[in-house]
Amino acid sequence: MKCRVSLLVLASLAVWALDFAVAQNKSSTPASQVLALEKKWNEVYKRGDIAVMDSLLTDDFIITVEDGSTFSKPGYIAQNGNSSVHVEISEMSDLQVRMHGNTGVITGAYYEKGTEKGKSYEYRDRLTDVWMNINGRWRLIASHYSLRANP
């Protein structure tokens, strides 16, 4: 009798654990995956982690920055590898994710403060980043940053 009760308890725990695992997988939606990668990209940018940055970007990645300049992946990575730039603050807010099949579009606000060649700089931008699931892996394909209009 004790053996049956123990088996029943074990079976119940196994079913509960399986239900919990399925619930965890359901909470990891494509939108939440893209949002997590967006935050990761911001963190590696601030740290200047070129290797991780390289892994997040497609080979044909393109970015448009505040002054209208555009950079390809190699140009962007070279710019971020510049030791004369020190990012002190890199914050995103008001992030919205819109999913369109295997593409995620993130919009939001961005604030950055730091120094370049010893001179202080500060940006308050709007951003649009486009992520695409390519062969089962989310990668950033395009990014656009523009200065916010004055209130």
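**Sheet order, strand pairing and a helix across the sheet**

Visitor: At what angle does helix α2 run to β3?

Guide: Helix α2 (residues 30-47) lies across β1 (57-64), β3, β4, β5 and β6 (137-147); helices (H or I, at least four residues) and strands (E, at least two) are DSSP runs, numbered from the N terminus, and contact means heavy atoms within 4.5 Å. This is a predicted model, in which local features need pLDDT of at least 70, side-chain atom pairs count only at pLDDT 80 or more, and totals for chains, interfaces and linings use all residues. Residues are numbered from 1 along each chain as its sequence is written, and side-chain values use heavy atoms, leaving out hydrogens and water. With axes fitted to C-alpha atoms (for helices over the stretch in contact) and angles from 0 to 180 degrees between N-to-C directions, α2 runs to β3 at about 170 degrees.

Visitor: Which strands are the edge strands of the sheet?

Guide: The open sheet has six strands in the order β2-β1-β6-β5-β4-β3, with mixed pairing; two strands pair if DSSP finds at least two bridges between them. Those that pair on one side only are β2 (70-72) and β3 (85-100).

Visitor: Which residue in β5 is the bridge partner of Thr103?

Guide: Strands β4 (residues 103-116) and β5 (residues 119-134) run antiparallel and are joined by 14 bridges. Within β5, Thr103 has as its bridge partner Met132.

Visitor: Which residue in the hairpin of β1 and β2 takes a positive phi?

Guide: β1 and β2 run antiparallel, joined by three bridges. Five residues lie between these strands, and the positive phi near 90 degrees belongs to Gly68.
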